[in-house]
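Visitor: I would like to go through this structure residue by residue. Please put it up before we start.

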Amino acid sequence: MTAPLTITFLGTGTSMGIPVAGGFGSENSGRDPRDERYRTSVWVRSPQASIVIDIGPEFRLQTLRSGIRHIDQVLITHEHTDHIGGLDDLRPFNYVQDAVIPVTTHPRTVESIRKRFSYMFEPGKTPGSVDVEFLPVEKRRFRDIEITPLPVNHGSLDILGFRLNDFVYITDANHIPDSTMELIRGADMVVLNGLRWEPAHPTHFTIPEAVDVAKAIGARQTYFVHMSFQVRHAEVSRCLPEGIFLAYDQQVVSAGGRAESL
């Protein structure tokens, strides 16, 4: 059996969050709390491990409201600010765990992090700075979780999704290569980005496009994240096929726990 996973959606919104700073465009927003979205991130737990995928600007708040108390590893999809802006908030976890935190991400993203957070890596760095180590992008087993990097395309940018046991997480993509689709097949749960209903976008799946991808994959459950203010949870949910859902902040779901042969 693959280890069952508990998934907490820490955030499900676009790069500026919803509502955006200043509240611009929120005058006509509804009162459904599911339509308020922090930057997209997810927390994955197994009986033996605690892993976070992407650390955006609200990460401190996300840890407080979800109850994250331990982080074994961090996986980062790419270097845009909404996916790495909260890296400094790993400091308390370094202190409490008394350990370096491993990070897996694209080599290009490593270079971006080293430049933008240079104080974490320079000789004689500031005492108490975040302490991370970068791991190679490769398939590996960590305790009871098998981690498989999933190359996908975010417009012209090559980025990563990840498969953890029977759970697949892909955000900020507008194309999944055939070779990656083969790595995804057989997953129990898939998370995909679905920016808005229309019009088409040059670097993100729209919801109809994400539905087509979800159908091609055929997972038991698919959840959409990285949604804009145009996506009203109650309204859009009624239009989705069976087994496909809009995720919302702080939603907790379960994936996997199936026989290895599946």
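Visitor: Leaving aside its neighbours within four places in sequence, which residues is Arg108 in contact with?
Guide: This is a predicted model, in which local features need pLDDT of at least 70, side-chain atom pairs count only at pLDDT 80 or more, and totals for chains, interfaces and linings use all residues. Residues are numbered from 1 along each chain as its sequence is written, and side-chain values use heavy atoms, with hydrogens and water left out. Arg108 sits in helix α4 (residues 107–116); helices (H or I, at least four residues) and strands (E, at least two) are DSSP runs, numbered from the N terminus. With contact meaning heavy atoms within 4.5 Å, the partners of Arg108 beyond four places in sequence are His78, Glu79, Leu157, Asp158 and Ile159.

Visitor: Which backbone oxygen does the side chain of Arg108 reach?
Guide: Arg108 counts as partly exposed, because its relative accessibility is 27%; buried means under 20% relative accessible area, exposed over 50%, and partly exposed in between (1.4 Å probe, protein chains only). At 2.9 Å, the side chain of Arg108 reaches the backbone oxygen of Asp158.

Visitor: How far apart in space are Ile101 and Val132, C-alpha to C-alpha?
Guide: Ile101 belongs to strand β5 (residues 101–104) and is buried, with a relative accessible area of 1%. Outside four places in sequence, its contacts include Ile71, Leu90, Phe93 and Val132. Ile101 and Val132 are 31 residues apart in sequence, and their C-alpha atoms are separated by 4.7 Å.

Visitor: With which side chain does the side chain of Glu58 make a polar contact?
Guide: Glu58 is in the loop between β3 (50–53) and α1 (59–66), and at 13% relative accessibility it counts as buried. Beyond four places in sequence, Glu58 is in contact with Tyr38 and Arg39. A polar contact is a pair of N or O atoms within 3.5 Å; within protein, one must be able to donate a hydrogen and the other to accept it, and residues adjacent in sequence count only if both atoms are side-chain atoms. At 2.9 Å, the partner of the Glu58 side chain is that of Arg39.

Visitor: Is Asp35 buried or exposed?
Guide: Asp35 lies in the loop between β1 and β2, and its side chain makes a polar contact with that of Arg37 at 3.3 Å. Leaving aside neighbours within four places in sequence, Asp35 touches Ile18, Val231, Arg232 and His233. Its relative accessible area is 9%, so Asp35 is buried.

Visitor: Within what arc do the buried residues of α6 fall?
Guide: In helix α6 (residues 207–217), the buried residues are Ile207, Ala210, Val211, Val213, Ala214 and Ile217. Viewed down the helix axis, with the arc taken over the directions from that axis to the C-beta atoms, these residues line one face of α6 because they fall within 165°.

Visitor: Which exposed residues does the face of α6 turned away from its buried side carry?
Guide: The buried residues of α6 are covered by elements including α5 (178–184), β11 (189–193), β12 (221–225), α7 (233–237) and β13 (244–246). On the face turned away from that buried side, the exposed residues are Asp212 and Lys215.

Visitor: Which peptide bond is cis with omega near -5°?
Guide: The peptide bond from Ile18 to Pro19 is cis, but its omega is near 0°. Pro199, in the loop between β11 and α6, is the other residue to look at. The cis bond with omega near -5° runs from Glu198 to Pro199.

Visitor: What is the phi of Asp172 near?
Guide: Asp172 is in the loop between β10 (167–169) and α5, and at 2% relative accessibility it counts as buried. Its phi is positive although the residue is not a glycine, with a value near 60°.
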